[in-house]
Amino acid sequence: MQILFRFIIGGLVVSLFAAFADALKPKSFAGLFAAAPSVAIGTLGLTILSEGKLFAATEARSMIFGALALFFYAMAAMRLMMRYKLNAAPAAFSAIAVWIICGMGIWYVWLR
Amino acid sequence: MRVGFDISALKDTKWYELAVRFLFGGAITAITGMLANHYGPVFGGLFLAFPALFPASATLLEKHEQEKKRRAGIANTARGREAAALDARGAAIGSIGLVGFALIAWKLVPLSNGAIALFAALVVWVAISILIWRLRRHRLFLRKGHSGAASHAPVSSKGG
């Protein structure tokens, strides 16, 4: 039941951010919202209520490193599209490997 | 370049595009919760910055740009890809702001009201992202020639 609740709240928050981004001008500015903390707001909000503040704060600390991995992910996706002429879908999905390597690497070295 | 809000642009968004984002967002929120419960908050927290939405938004953006060009009678597939690359650069800028969001949430959540702490973190994300986005225009952190065609392309973005 809690998973379903998380699914609905997460989906709503993400859709809200996406709709906001769609209405923003100039459109190049809307690209920022591809890295909006929409999942984080939904998840942390629910975690504070269900697990407590310390649990949520620990998640937020790990998120710092996840965000760094996201930076490298986005740079890799951009490079795959501009330099290697990959279309958006293959570039965006294959670059997830970069996020996994960075994220898991940081977790293994510093957070484990 | 002024930042504005055009509510009429929402008419262009199709229902299935919203559904895809809802599903992706809901799924990653649920999975993050499950990972945190199984492996602890240190591991689960990493996934708060998982690129759950970018693949969907970049793919839709590329499709929109290609459709727009096709309607205009131009068969230029590079245009959609350039628009998606511009979206990726926006995501890179936003991810730096996301580091600020996480830092503020980490420090403030245990000390204050959860909603206020998350709102403060959101304000920091917006501030850092806008600041870097504006600095980008002065090319303070882009390598020479790296901005390429994407940086000047007046494309429409459906990022989210």
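This is a predicted model: local features need pLDDT of at least 70, side-chain atom pairs count only at pLDDT 80 or more; totals for chains, interfaces and linings use all residues.
Local features are described at pLDDT of at least 70, side-chain atom pairs count only at pLDDT 80 or more, and totals for chains, interfaces and linings use all residues. Residues are numbered from 1 along each chain as its sequence is written, while chains are lettered from A and ligands numbered from 1 in the order in which they are written.

Let's start with chain A as a whole. Its C-alpha trace spans about 45 × 40 × 25 Å along the principal axes. The secondary structure amounts to 6 helices and 1 strand, where helices (H or I, at least four residues) and strands (E, at least two) are DSSP runs numbered from the N terminus. The domain assignment, which is automatic or taken from a database, places domain 1 at 1–50 and domain 2 at 63–112 of chain A. The C-alpha centres of domain 1 and domain 2 of chain A are 20 Å apart.

Within chain A, have a look at H4(A) and H6(A). In general, two packed helices are described by the angle between their axes and the distance between the axes. Here the axes are lines fitted to C-alpha atoms, for helices over the stretch in contact, with angles from 0 to 180 degrees between N-to-C directions. H4(A) packs against H6(A) at about 150°, and their axes are 8 Å apart. That angle makes H4(A) roughly antiparallel to H6(A); the classes are roughly parallel under 35 degrees, roughly antiparallel over 145, roughly perpendicular from 65 to 115, and oblique for the rest. The crossing of these helices, H4(A) and H6(A), is right-handed, a term used if the near helix is turned clockwise from the far one by less than a right angle, with anticlockwise being left-handed. Among the residues that meet here are A:Phe65, A:Leu68 and A:Phe72 in H4(A), and A:Trp99, A:Cys102 and A:Ile106 in H6(A). By class, the contact of H4(A) with H6(A) has 13 nonpolar, 3 polar and no charged residues. In this scheme Ala, Val, Leu, Ile, Met, Phe, Trp, Tyr, Cys and Pro are nonpolar, Asp, Glu, Lys and Arg are charged, and the others, Gly among them, are polar.

Now turn to the partner chain. In all, 75 residues of chain A are in contact with 81 residues of chain B, contact meaning that the C-beta atoms, placed from the backbone, lie within 7 Å. H4(A) gives the most to the side of chain A that touches chain B, with 26 residues. That side of chain A divides into 54 nonpolar, 14 polar and 7 charged residues.

Strands take part as well. E1(A) is joined by 2 bridges to E1(B), residues 4–5, and the strands run antiparallel; pairing requires that DSSP finds at least two bridges between them. In this pair, A:Lys25 stands opposite B:Gly4.

Finally, follow H1(B), residues 15–39, where H3(A) packs against it at about 45° with axes 10 Å apart. This angle makes H3(A) oblique to H1(B), and their crossing is right-handed. A:Ser38, A:Val39, A:Gly42 and A:Thr43 in H3(A) meet residues of H1(B) that include B:Gly25, B:Ile28 and B:Thr32. The contact of H3(A) with H1(B) holds 2 nonpolar, 7 polar and no charged residues. H1(A) also packs against H1(B), at about 135° with axes 7 Å apart, and H1(A) and H1(B) are therefore oblique to each other. H1(A) passes H1(B) in a right-handed crossing, and their contact has 15 nonpolar, 7 polar and 2 charged residues.

Note on methods:
Two residues are in contact if their C-beta atoms, placed from the backbone, lie within 7 Å.
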